Amino acid sequence: MKYNFRKYACLLLAMILLACGVSCATEPPASESTAPQTSDEITVCDDPTEAPTADKRLYYVHDPGAMMLTSPYNTTGQNRVSLPRINGSVDEAVSAGADVFITEIYGNVASYPSKVYSPQEHYRWFTETFGKSITTGFPLYAYQGGDYVKSFCDRTHAKGADYWLSYRLNDHHDMTRPVTQQNANPKNICKFYMEHQNMLIGEPQSNCSWFQYMMDFRHEEVREYKLAMICELIENYEIEGFMIDFLRTPALFKLSATTEAQRKEIMLDFMKTVGQALKDKSKVTGKDYTFAVKLPMDKDAYGKLGIDVKAFEQEAGVNAFFVFDYFCARQDYEMLDEIRALCPNSEVVLEIAQATTWTSLPEMPRAMRLTTKEQYYTTAHVAYEHGADGVSLFNFPWYRSEAENGAYYEPPFEIFPYLKSSSYLASQPQHYFEGATENKLIHDFDLKTAEWNYGERHSFFMEMSAPTGGWSEDGVLRLESLSALKDLNVEVYLNGVKLSAVDDRGEPYENPYQNLLGTEEGTLSYAVPKEYLNNGSNEITVVNLSARSFRLFFVDVAIA
């Protein structure tokens, strides 16, 4: 039996998309000459007439590097910053329904007008130090007089949405190894970093060797450099909110040289300074500003990063908490519950990524399994049941990056209006999943590293929230591996009850994204009677009764 629960919604969605003129391209546009050159020409779904009533907010977290991907406004995929690409990045998100557009700021180099570290100073230093020119990207755009932050800000306001900045406290991009003349990238390697190599963390953490190359916040000079950039951004741009991102990258201290209490004291003082900068701006403008933080889903990381949720709210003025995995979408709501209980008057938001798992294969060094519509809807639905005020989207334009793996996908912007309606999501078919992620912080069960040897069992949990009226049909559970599973003897228990194997190993819903899907040989499926499910936590136990060991990279449950 094929578990396709989407059929009753397909007609409605198709009518909406056709009415809005949304195009789901399977190939990139052929040439720059045929592409829209201004964002006003981009076809997007603008205020669908049949969209449900919104009662939640949608945040769009945008890495500005995404404008370099092949897209309707960059058909050649050139690494060039331009106003049409900036406008196109804003328009496709806001016109689809994003309430807040958030530009991520790389935390070391000011690729915008700055008195802290000007683009001109950076250009001179980089070319003299490494003996090579800056020929493309944000540093060149800023050196030539461009201000991409202001352009993003102006366009967002012109389209009627709020504009935020998000500052990455540490950013590992181009900094995962010692810097040399050959690998130095002007986007993130700056004069301060190279002149303060004695102020790096200097030791691996959380099974990640390259955390050692991040700046160590126990040094006052590091904090002062970062704070000067943050306060300048707050002062210079017409924002509605500012976010401090603890997750890009989740390493701030040399743990062996600091205690948890010291780390929390340092970061609380840091956050107070940011909060005061927002208060000072408010005195000048008469406007209130949102002070947000992006925090890990894994509570074990909080002490290492110096995070004190309650103190951040009460003493630093934080009033919005975003919770995220690290890189992949993950259906984990424990910290939503805890933060909501600690800070009932603050906004709490779950962030969802464009991929549910990724791994390295010989034919695809960076293979991603892309998040489907049903997975977005289910993740948001459960988050709202746990008290979330909205959801944010991470790396959403990067569906287009799969072009490097031979497939071009346009991001599913048509889902935006539906992500903002809790009542709509509560009536949809559901797709729960546990993927092998690139989470550097997990310390309990991790699907990416777990191995089932003969006789071994591993258990993990899926948090589920029944749809309106309860589950009406039985579902299916699938185990997927990159190696063959078909002939193995594997038992699966759901909440202590043994499940019966079934033959159907295909996708439970129509899936337009074909990368890294399970294969016939690598998938085992089991029937899930709806009465076995808990409206809440569900324990899944997998037992290997075969001589050959195996690993899993994806487990899912589809049910309506």
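Tutor: Let's begin with a hairpin: strand 14 and strand 15 form it with two residues between them, and Asn 495 in that turn has a positive phi of about 50 degrees. Keep in mind that this is a predicted model, where local features need pLDDT of at least 70, side-chain atom pairs count only at pLDDT 80 or more, and totals for chains, interfaces and linings use all residues. Residues are numbered from 1 along each chain as its sequence is written, and side-chain values use heavy atoms, with hydrogens and water left out. Strands (E, at least two residues) and helices (H or I, at least four) are DSSP runs, numbered from the N terminus.

Two strands pair if DSSP finds at least two bridges between them. Strand 14 and strand 15 (residues 497-498) run antiparallel and are joined by two bridges; Leu 494 has Val 497 as its bridge partner in strand 15. Strand 14 also has strand 18 (residues 537-544) as an antiparallel partner, with five bridges joining them. There, Asn 544 of strand 18 stands opposite Val 490.

In helix 11 (residues 334-342), the buried residues are Met 335, Leu 336, Ile 339 and Arg 340. They sit on the same side of the helix because they cover an arc of only 135 degrees around the axis, an arc taken from the directions from the helix axis to the C-beta atoms. An α-helix has 3.6 residues a turn, so residues three or four places apart point the same way. Glu 334 and Ala 341, on the other side of helix 11, are exposed.

What covers the buried residues of helix 11? Among the elements in contact (heavy atoms within 4.5 Å) are strand 5 (290-296), strand 6 (320-324), strand 7 (347-353) and helix 12 (373-385). Within it, five bridges join strand 5 to strand 6, and Lys 294 has Phe 322 in strand 6 as its bridge partner.

Note on methods: Buried < 20%, exposed > 50% of the residue type's maximum accessible area, 1.4 Å probe, protein only.
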